[in-house]
Amino acid sequence: MSKIVQMILSGMFFTFIIDFFLFLGIKENYIDAYNIKVYYNVLFADHQNFFVFTFFTLLLGYLVMYTSPKISITTIGLLFILSAATLIAPVGKFAGELLLMKKDVIVKTKKFSYHGDIIYDGRKELSIYDYELKKVIILDKNKIVSEY
């Protein structure tokens with residue numbers, strides 16, 4: 001197997017491990033905290049950025065194949081610790097808010113208007129925390145007239 005293929009495969013392996021723990025922490029400490037019904041696989045697949053994944057695949061693959069073991073182990077270990085830190089409740093909640101939340105928006109349906117934070121924008125449903133009602137509301141995306 002050529003060194004480039006080994007570089008890409010090893011980079012993908014380490015990137016998947018880091019991504020797994022990042023999204024696991026977000027699922028446990030953000031999604032589940034708001035009682036949003038979404039499977040881990042859907043969360044992982046829908047919010048995976050191809051360009052970021054490719055960048056880290058190439059970077060980590062290069063580090064593993066072409067640098068000293070001390071540098072590659074240190075870098076991968078640091079990235080792993082940072083991604084696994086999302087398993088700590090405040091860190092996971094902050095990461096979830098950073099990646100998934102849209103603050104201070106207005107969502108209109110035919111009958112009602114909701115003002116609050118979009119907590120999760122799913123495939124078929126939108127979860128919004130309404131400021132006036134002080135609770136999370138699940139809206140069908142097909143019934144939303146406008147969002148701004």
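Me: In which helix is Ser 10 found?

Reply: Ser 10 is found in helix H1, and please keep in mind from the start that this is a predicted model.

Me: Why is Ser 10 called buried?

Reply: A residue is called buried when its relative accessible area is under 20%. Ser 10 has a relative accessibility of 16%, so it counts as buried. Leaving aside its neighbours within four places in sequence, Ser 10 is in contact with Gly 61, Val 64 and Met 65.

Me: What makes Ile 18 count as buried?

Reply: The reasoning uses the cut-off of 20% once more: Ile 18 has 13% relative accessibility, and therefore it counts as buried. Ile 18 has its place in helix H1, and, with neighbours within four places in sequence left aside, its contacts are Leu 60, Leu 79, Phe 80 and Ser 83.

Me: How far apart are the C-alpha atoms of Ile 18 and Leu 133?

Reply: They are separated by 38 Å, and along the chain the two residues are 115 residues apart. For another such pair, Lys 134 and Phe 21, which are 113 residues apart along the chain, the C-alpha atoms are separated by 31 Å.

Me: What share of the residues of the protein chain counts as buried?

Reply: Of the 148 residues, 34% count as buried. The protein chain exposes about 9,500 Å², and carbon and sulfur atoms supply 67% of that area.

Me: Which residues have the most contacts inside the largest nonpolar core?

Reply: That core has 14 residues, and those with the most contacts inside it are Ile 26, Tyr 30, Ile 31, Ile 36, Leu 43, Leu 100 and Tyr 120. At least two residues of this core come from each of helix H1 (3-31), helix H2 (40-46), helix H5 (89-100) and strand E2 (113-121). H1 gives the most, with four residues. A second, separate core has nine residues, among them Leu 126, Ile 128, Ile 137 and Ile 144. As a general background, nonpolar side chains in soluble globular proteins tend to be buried together.

Me: With which residues is Ile 31 in contact, leaving aside its neighbours within four places in sequence?

Reply: Ile 31 is then in contact with Ile 26, Ile 36, Val 38, Leu 43, Leu 100 and Tyr 120.

Me: Why is Ser 127 called buried?

Reply: Its relative accessible area is 3%, and this lies under the 20% cut-off, so Ser 127 is buried. Ser 127 is found in strand E3, and, neighbours within four places in sequence aside, its contacts include Ile 36, Asp 117, Tyr 120 and Ile 137.

Me: Is Lys 134 buried or exposed, and how do you know?

Reply: A residue is exposed when its relative accessible area is over 50%; Lys 134 has 62%, so it is exposed. Lys 134 is placed in the loop between strand E3 (125-130) and strand E4 (135-140), and its phi is near 55 degrees, a positive value in a residue other than glycine.

How values were computed: Residues are numbered from 1 along each chain as its sequence is written. This is a predicted model: local features need pLDDT of at least 70, side-chain atom pairs count only at pLDDT 80 or more; totals for chains, interfaces and linings use all residues. Side-chain values use heavy atoms; hydrogens and water are left out. Buried means under 20% relative accessible area, exposed over 50%, partly exposed in between (1.4 Å probe, protein chains only). Accessible areas come from the Shrake-Rupley method with a 1.4 Å probe; for residues, only the protein chains shown count as cover. A nonpolar core is a set of buried Ala, Val, Leu, Ile, Met, Phe, Trp, Tyr and Cys residues joined through side-chain atoms within 4.5 Å. Contact means heavy atoms within 4.5 Å.
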